[in-house]
Amino acid sequence: MKKGLLTVLVALSALFAVFGLSKNTASASEPNYTITSDATYAPFDFQDKNNQYIGIDQDLLKAIAKAAGFTVTVKPMAFNAAMQSVASSQADGVIAGTTITNDRKAVYDFSDPYYKTGIAWATAKNSKIKSLSDLKGKTVALKTGTAGAEYAESIKNQYGFKITYFSDSDTVYRDVINGNSVATFADMPVLQYTIKNGTALKVQNPKDPFAAGDLGFAVKKGQNAELLADFNKGLAIIKKNGTYDKIINKYLDAKAETFTGSAKDNSTVWGILKTNRSAFWSGLKQTMYLTVVGIILASLWGLLLGVMGVSTHLWVRSLSTTVIYIFRGMPMLVLAFFLYIGIPALTGTKISAWSAGILTLVLNEGAYTGAFVRGGFESVDAGQMEAARSLGMSHSRAMRKVIIPQGLRLMVPSFINQFIITLKDTSLLSAIGILELTQTGTLIVTRNSQGFRVWAIVAMIYLVVITLLTWFSNWVEKRMNA
Amino acid sequence: MSEEKKVKVHVDKVNKSYGDNHVLRDISLDVMDNEVVVMIGPSGSGKSTFLRMLNLLEKPDSGVIDVDGHDILDPKTNINKVRENIGMVFQNFNLFNNYTVLENITLAPVQLGKMTKAEAEEKAKELLETVGLPDKANVSVNSLSGGQKQRVAIARALAMNPDIMLFDEPTSALDPEMVGDVLEVMKRLAKTGMTMVIVTHEMGFAKQVANRVVFFESGKIQESGTPEQIFTAPKNERLQTFLSKVMHA
Ligand SMILES: Nc1ncnc2c1ncn2[C@@H]1O[C@H](COP(=O)(O)OP(=O)(O)O)[C@@H](O)[C@H]1O
Ligand SMILES: [Mg+2]
């Protein structure tokens with residue numbers, strides 16, 4: 001039993017190490033750069049019906065890299081995470097429909113502008129709102145960190161509207177269509193693309209965008225000068241040879257169906273499920289993988305914290321209490337960002353999103369586990385320990401042979417509960433760009449704008465998995481009590 | 001006491017306080033080899049605290065405790081080794097809930113390397129025979145009655161081959177009809193020459209088995225002597241009051 005557990009632990013640590021250390025494998029001759037990108041920003045960045053990341057940004061980047069002689073590993077994630085990853089040196093550059101602003105210039109160095117854009121504002125298709133002054137007292141939905149959001153903030157007091165934020169575009173559009181908010185501000189091409197794709201919105205200023213500006217590729221200020229120079233070089237080449245125009249036209253003139261699949265496939269649950277079968281499946285696999293590894297490591301860590309919590313040494317007990325206090329008190333999302341973006345920014349060492357995700361799960365779920373494990377041990381009658389000690393057993397032997405087995409039995413329901421929470425919590429890791437089930441849902445919705453159906457499918461998948469997990473746990477519990 | 005006897009337990013001037021509550025005050029007591037000492041006294045007088053000090057389940061604030069020639073308050077003493085020779089029986093049995101009756105008895109001897117598993121099981125079966133529960137070896141402890149549990153607890157303590165046994169009110173948690181069986185086992189144990197220190201409210205049993213009776217009151221030994229001295233000619237006034245209460249209860 002003990003040996004088996006040890007073997008599992010060692011195997012997992014090895015696995016953990018391999019994934020944790022896996023870096024971009026640079027090809028021999030050309031430099032390879034890790035570039036982050038927005039995962040949900042059509043037509044600049046999105047997934048096509050075959051789950052490939054495409055869009056103006058993606059195609060331009062590829063063409064530029066080829067022209068200038070470098071290779072890229074693209075990491076799609078949420079816009080803010082994409083920007084932050086570069087600021088914290090987790091990645092070399094970011095191409096995410098980023099507007100060049102003075103604020104951003106303080107943190108990033110930008111390439112030559114690669115696209116002219118401006119801010120559009122849109123309402124629901126049949127909205128009565130016609131001018132900005134109609135927004136008085138109403139709510140405007142915005143995507144966090146975008147130029148559209150920045151512009152809306154700047155005129156918010158002038159026009160007297162309120163603001164609500166979301167981290168992905170589709171949720172913003174849904175919010176407007178559903179009437180929770182009345183309008184949104186975003187980059188003109190982005191809004192036009194999603195409307196072409198069937199989103200029931202209407203651009204109010206198609207002829208005269210606000211705050212016309214430029215999109216740029218960015219690196220961290222003062223770093224990767226060579227990459228930036230190469231990007232500019234490549235951009236000049238593809239502008240000259242016509243590749244640039246071809247790419248822009250491909251996205252802005254083509255019918256949306258070219259990228260998203262036929263309307264028929266996108267308008268029924270079954271069609272969506274069929275079209276995105278492999279995406280859902282790989283998302284589910286990633287969710288299960290995170291859950292299983294997370295549960296095992298968090299349980300081991302929690303057990304250790306729990307055992308430390310009933311140690312005879314005061315300092316060991318205090319250590320356990322402190323660790324539990326800190327990580328139970330910290331919102332999981334904050335912890336994930338802190339590990340993925342905060343720590344590397346401070347220390348300069350990169351950590352993969354997957355490792356940061358697992359570490360987040362282990363620290364957070366492990367703290368909850370530690371608390372109920374300690375509680376479980378403490379609820380074992382003190383007489384059990386006294387009896388064991390009176391026979392001459394040491395404290396640790398008494399713990400192992402008498403207290404821990406009895407405590408564990410009391411904890412089984414708490415463990416099952418924690419397993420289910422862990423499964424659900426993996427969805428939060430979509431925020432640092434891990435492509436698990438929830439993130440998969442977000443990507444599909446960006447492409448096909450079928451929020452209701454896609455989220456219904458995702459919810460069903462979670463329910464099925466949770467049901468299976470519950471059955472399995474109950475089976476284990478029965479066997480333990482037999 | 002004409003023949004020279006070995007001192008098994010030597011206690012000198014121990015004190016113990018819980019906060020302001022001075023529970024044991026300068027207690028000294030020697031227990032001889034093969035002796036049965038019964039401790040009586042009102043509840044809260046410090047009997048349990050004193051008994052639990054003999055195997056260091058409680059630590060005194062000051063004083064000397066020697067068991068089998070080991071100074072158990074010396075940090076260099078391996079208390080686990082000393083405890084192997086001191087069996088303890090608790091008021092609430094404290095049988096290990098995660099083991100069967102047999103496993104309860106064999107756990108410590110096997111774990112502590114005193115016996116092989118086979119030897120321990122052999123011994124456990126003998127002990128179950130002696131305490132009158134030969135057919136309960138493989139049942140879960142939760143299926144036993146209180147009296148049966150306490151007899152298993154005695155067998156568990158005896159499995160380590162201790163040469164001192166401590167009993168803290170072993171029959172107080174039992175239904176009256178169960179008390180006799182447990183006392184019977186203890187009487188037989190006393191006859192084998194086991195050194196025993198017993199806290200009990202069973203005065204009849206004390207009269208029968210004790211070589212010496214010790215009366216505790218307010219954290220002090222107020223009087224000690226043979227059962228006849230204590231029960232028929234008590235000198236201490238508080239002892240007289242105590243006896244008049246328990247005898248008429
Ligand atoms: N762990 C403890 N903490 C605080 N007070 C205690 C503790 N154990 C015993 N006491 C107190 O010590 C006194 C003696 O208790 P005890 O030795 O159990 O008496 P007895 O066994 O004679 O009934 C009582 O006043 C009791 O409340
Ligand atoms: Mg007591």
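Helices (H or I, at least four residues) and strands (E, at least two) are DSSP runs, numbered from the N terminus. The model is predicted: local features need pLDDT of at least 70 and side-chain atom pairs pLDDT 80 or more, whereas totals for chains, interfaces and linings use all residues. Residues are numbered from 1 along each chain as its sequence is written, chains are lettered from A and ligands numbered from 1 in the order in which they are written, and side-chain values use heavy atoms, without hydrogens and water.

The shell around ligand 1 includes residues with a heavy atom within 4 Å of the ligand, among them B:Tyr18, B:Pro42 and B:Lys47. Strand E2 (21-32) and helix H1 (47-53) of chain B each supply at least two residues of this shell, and H1(B) gives the most, with three.

Polar contacts are pairs of N or O atoms within 3.5 Å. An oxygen atom of ligand 1 lies 2.4 Å from a side-chain N or O atom of B:Thr49, and one is 3.1 Å from a side-chain N or O atom of B:Asn21. At B:Gly44, a backbone N or O atom is 2.6 Å from an oxygen atom of the ligand. Taken alone, ligand 1 exposes 560 Å², of which the protein buries 60% (Shrake-Rupley method, 1.4 Å probe).

In chain B, four strands form an open antiparallel sheet in the order E2-E1-E4-E5, where two strands pair if DSSP finds at least two bridges between them. The edge strands, E2 and E5 (70-71), each pair on one side only. Five bridges join E1 (residues 7-18) to E4 (residues 62-67) of chain B; B:His10 has B:Asp66 in E4(B) as its bridge partner.

Notes
Polar contact = N/O pair within 3.5 Å; in protein donor to acceptor, adjacent residues only side chain to side chain.
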